[in-house]
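I opened the model today to look up helix packing, the nonpolar core and a chain contact. My notes follow.

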Amino acid sequence: MADPILSVDGVSKAFGGLMAVSEVSFSVQRGEIMGLIGPNGAGKTTLFNVVSGYYAPTRGKVVFDGKDVSGKPPYALAARGIGRTFQVVKPFPGLSVLENVVIAAFLKHPRRADAEAHAWKVLEVTGLTDRAHEAASSLTLAGRKRLEISKALALEPIFLLLDEVVAGLNPTEVDRTIELILALRARGITILIVEHIMRVIMRISDRLVVLNFGEKIAEGSPADVAANPAVIEAYLGEAHA
Amino acid sequence: MELLPQALVDGILLGAIYIIIAVAFSLVYGVMHVIDFAVGEWIMFGAFAGFYLNRATGLDPLFLLPAVFVVFAGIGYLAQPILQRVLSGKRGNPLLMALVFTFGLGLMFRGLAQTFFGFYSLSTPSRLSTGSFFFEKGSFFLTVSHVRLAGLVYAILITGGLQYLLKYTDFGLGVRALAQHKEAAGLMGVNAKRTNGWVYALYVGISGMTGVLIGTILSVSAKMGPEYTIFAFFVVVLAGMGYLAGVPAAAFLLGLIQSFFLIYLDPGYTLLAVFGVLYVILLVSPTGLFRKGV
Amino acid sequence: MRDRRLLGSLAAFALLLALPAVVRDTFFLRVSTEAIMWIGLALTFDVLAGYTGYLNFGHSAFFGLGCYTTAILMVRAGWPFPAAAAAGGAAAAVAAVVAGLPTLRLRGAYFAIATWALARGIQQLALMMTITGGPDGMRLPPFLDPKFFYYVMLGVVGATFFLLWFLLERAPFGLKLKAIREDEQGAKALGLNPTLLKIQAFVLSAVPTAVIGGIFAYWVTFIDPASTLGDLVSDQALVMVVFGGMGTLIGPVVGAVLIFAFKTVFWAYLAEYEVLYVIILGAAIAASVVFLPNGVLGELLYRRGPRKPAASEPAAPVPATSGKAEV
C-alpha cells in the first residue's frame, strides 16, 4: 500500500475526566475521499480538531505526509497543506467575501495582487463571484458554507477536512456541493469528510471510518460498513437523512 | 518575623473579601460575557453609601448591608438594559464595545464621585471597628480586628448564598444554562433578558455591599475604584478564566501580597507587585494557577 | 482606502506643511502641533483597537516611556535630541514585545485590564525612581522654536500615517489583523499566527507613540508622571478613536481633530472644572458606543449609502424549498 497522506495513530483526547476520543487509528490514502461518521457526540469534531491542530492529542500521534505533526498549531498545518472547514461556519463577518478568501490566499501568494487574483479563481470554482464585494455576514447559510470551502481551497491544500458542509442545505444545494467535492478529488485533493446526511456520505466516500463514544467501531467500504452489525446498532434510533 | 502571623491572617481576611468581588465579577462575565470595567466604581459607590448612610442614620454599617444591597441591585437592574443594547449591537465586536462602554461608565463615575465626594480619604466607623481579638504566644502576637472577622463572615455567607442560589433554585439553573449555552437556554424557556437583568442586579448589589465593608475595614475615597477593578481582574485571571474553584486560592494570594506590602514594605509598590506576579504566572501558565482556565 | 483618499491625504499633508509659511501666529502654531500630536496618538491607538480588536489602556505607558527615555538620555547622558527620541522608540519596541508576550494571549477584554494595570504600575515606578525625578518630574534642555517642533511633529505623524496606510490598507498585514479581530480561531486554520501578528501590531502601535512622546517632552520642556503617564492620554486616545470611527485611518483623524477642538475650548473657558472634563470624557465614550457604534465617520458613510452593505445586516435565510440553488 502506498504511503498514506494521513495516519492517525492511537489518538486519544481527554478533557478532564472525559475521554472524547479513545485510541483511534486509521489511515487516509492519497487521493481518496474518506468519510468519518458516527452518532452525535461520537467524537468526530474532536478528532478533526486534533488532526487540524486545534487540540494536541492526549495520547497517540498524527502523521501527515510522512511527518509527525501531533500538537502542531493550526497555522503550521495549513502551511503543510491541510485545509479545513468548521461545522459552525466561521466567516469573517465584517469583511467582504473576497477579502475572506484573500486572507487564505496569502498563505501561498504573499503579495496582495497575486492573492486577489487567486482568490477570484477560487470564487469562480465555488460560484461566489457575484457576491465577492458583499459583506460575508450578508450571505445565506449555503453561501457561507461555500465561503468556508472557498477559504480552505485558497490555501491550495493537498488534504481537506470537511466538517458537515451540507448540513442545512436544500437538495439542490447539496447536489451542487457534492459535485464540487468530487471535482476537488479529481484535482488530486485528498478529503476527509464528516457528514450526517447518509445518502451524501455513502455516495461520495471511497471508504468510511465509524466512531461511537470516541472509539472506532468500524472501517471499510460503504457497503461493508453499512452491513456491519455494530454500526447498525450504534445508529439504531438515529434518523437517516 | 513576629509580624508574620499577623501578615498571614490579615492577608487571608482581606482575601476573603476579594473572593466575593471576583465571584460577582465572574458571574457577570460568565452569563453576559461582559467584563465590567466599572466594578471598582460600584464598590466605591457602595463604600460611600455606607459612609453617608452611617453618618445620616447612625446605624452600624453592618446593619446597612441589606438596604445597600437592595438599592444597588435596583440600580443594576435599571442599568442593565443599556448594557444589553450595547451587547446586541450591530457593530462587529459587541463584546469589545461593551468593554469600552463600561470603561466610559467607570470613568464617568470616577469623575462624578470626585465632584460630589471630594478628594479626601474617609473611613466608615462601625461598632466593631475598635474591637479586636488579641493573641499572644511567646514573641508572636496577633491582632484580629472584629471588623475584619466580620468581613470573613460576610464572605462565607455570600459565597454560601450564591452557591445555594446557583445550585438549588430554578433561577440559578437558568443562570447556569445561560452561561453555558445562550441559544439552547432560550429554547428551554430561560428569558435571557430578564435573567441577565437579575444577574447584573445581583452583581451590583453584591459589589455595593462589599464596598460598604471595604469602607469600614480599609477606607473610602473617590479614587479607590481602579485598584479594585484591577484586583478583581487579577483574581479572575490568576484563578483561570472561567474556573471558579480557583478563585479562593487566587484571592488569598492577592490578600497575602497586599498585607505583606502593607506590613513589611511600601504599600505604593503593591500594584507593581501584583502585576509582576500576574505577569510571571501568565508567562509560565496562561491558563491560570491551576491550568484550568479557558 | 481607495487611491482617491490617499491623494486627499497627501494634499492635506502638503497643506499642513505649508501652514507655517502662511500663519505666523505662534499660539496657533502650538495648538496645531498639539492637534497633530493627538492625531498621531489616535492613529496608533487604532492600530491595536480598531484593526486588531485589542484595547490597549496602557497606551499612555508607551507615550510616557518615550517622554522619559528621551528626557533621561538628553539630561543625564547628554544625547542629542534625534538620537534620544529614536532610542525612546526602540525602548517602546522592546517593551511592547516583553509586555505583549503574556498579555496578548489573553482575550481582548482581559488584555485591556492587564495593560491598564501595567500603565498604572509604570506610573507608580516613575513616581518612585530617582532617575526619573520622581513626582517632581524632569526638566529638559530648553529649546524654544515653535516652527521646529511643528515640523518635527508633522513629519513624524505624517510618516506614521502613510506607513500605517501602507501596512494596514495596502499590504496584507492589515487584512490579516482584521481576520484575527473577526475570528481568531478561524484565522489560525488559514495559516495566520495570531500571537505573532498581535505582537507586530503592538510594536507598530508602540513605537510611533513613544517617538511622539519624545518630541512632546523636548517641546514642553517639563514632564512629570502625572501628565505623561496618567490615564488621560489613553482615555483621550480612546474617545478620539471610538468617536471618530475604529478600524479606519481617517476615523481617528476626524475624531482626534473634533475631540481636540472640544478639549481646547473646554480648557480655555472651563479650566476650573477639571473634574467635569473627566465626567464628559467618560460620558462621551459611553455615549459614542451606544449612539455612534461606527463612529462619526462610520455614520457619515452609512448615511451616504455604502459601497458594500453594512457588515452588520445578515440577510434573511432563503427557504430550503426553493428550486434554485441560492447562494
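I began with the crossing of helix 2 of chain C and helix 9 of chain C, which is left-handed. This is a predicted model. I looked up the contact next.

I then checked the geometry. Helix 2 spans residues 26-51 of chain C, and helix 9 spans residues 194-220 of chain C. Their axes come within 9 Å and cross at roughly 165 degrees. Angles over 145 degrees count as roughly antiparallel, so helix 2 of chain C is roughly antiparallel to helix 9 of chain C.

Next, the core. The largest nonpolar core has 281 residues. Ile21(B), Ala22(B), Val28(B), Val235(B), Ile215(C) and Ile285(C) touch the most other members. Helix 1 (residues 4-32) of chain B gives this core its largest share, 18 residues.

I followed up Val28(B). Leaving out residues up to four places away in sequence, Val28(B) touches Val34(B), Asp36(B), Val199(B), Tyr200(B) and Tyr203(B).

Last, how do chains B and C meet? I found 38 residues of chain B in contact with 36 residues of chain C. On the chain B side, helix 3 (61-87), helix 4 (94-117), helix 9 (225-239) and helix 11 (270-284) each supply at least two residues. Helix 4 of chain B has the largest share of that side, 16 residues. By class, I noted 25 nonpolar, nine polar and four charged residues on the side of chain B that touches chain C.

Conventions. Residues are numbered from 1 along each chain as its sequence is written. Chains are lettered from A and ligands numbered from 1 in the order in which they are written. This is a predicted model: local features need pLDDT of at least 70, side-chain atom pairs count only at pLDDT 80 or more; totals for chains, interfaces and linings use all residues. Axes are lines fitted to C-alpha atoms, for helices over the stretch in contact, and angles run from 0 to 180 degrees between N-to-C directions. Helices (H or I, at least four residues) and strands (E, at least two) are DSSP runs, numbered from the N terminus. Angles under 35 degrees count as roughly parallel, over 145 as roughly antiparallel, 65 to 115 as roughly perpendicular and the rest as oblique. A crossing is left-handed if the near helix is turned anticlockwise from the far one by less than a right angle, and right-handed if clockwise. A nonpolar core is a set of buried Ala, Val, Leu, Ile, Met, Phe, Trp, Tyr and Cys residues joined through C-beta atoms within 7 Å. A residue is buried if 20 or more other C-beta atoms lie within 10 Å of its own, exposed if 12 or fewer, and partly exposed in between; C-beta atoms are placed from the backbone. Two residues are in contact if their C-beta atoms, placed from the backbone, lie within 7 Å. Ala, Val, Leu, Ile, Met, Phe, Trp, Tyr, Cys and Pro count as nonpolar, Asp, Glu, Lys and Arg as charged, and the others, Gly among them, as polar.
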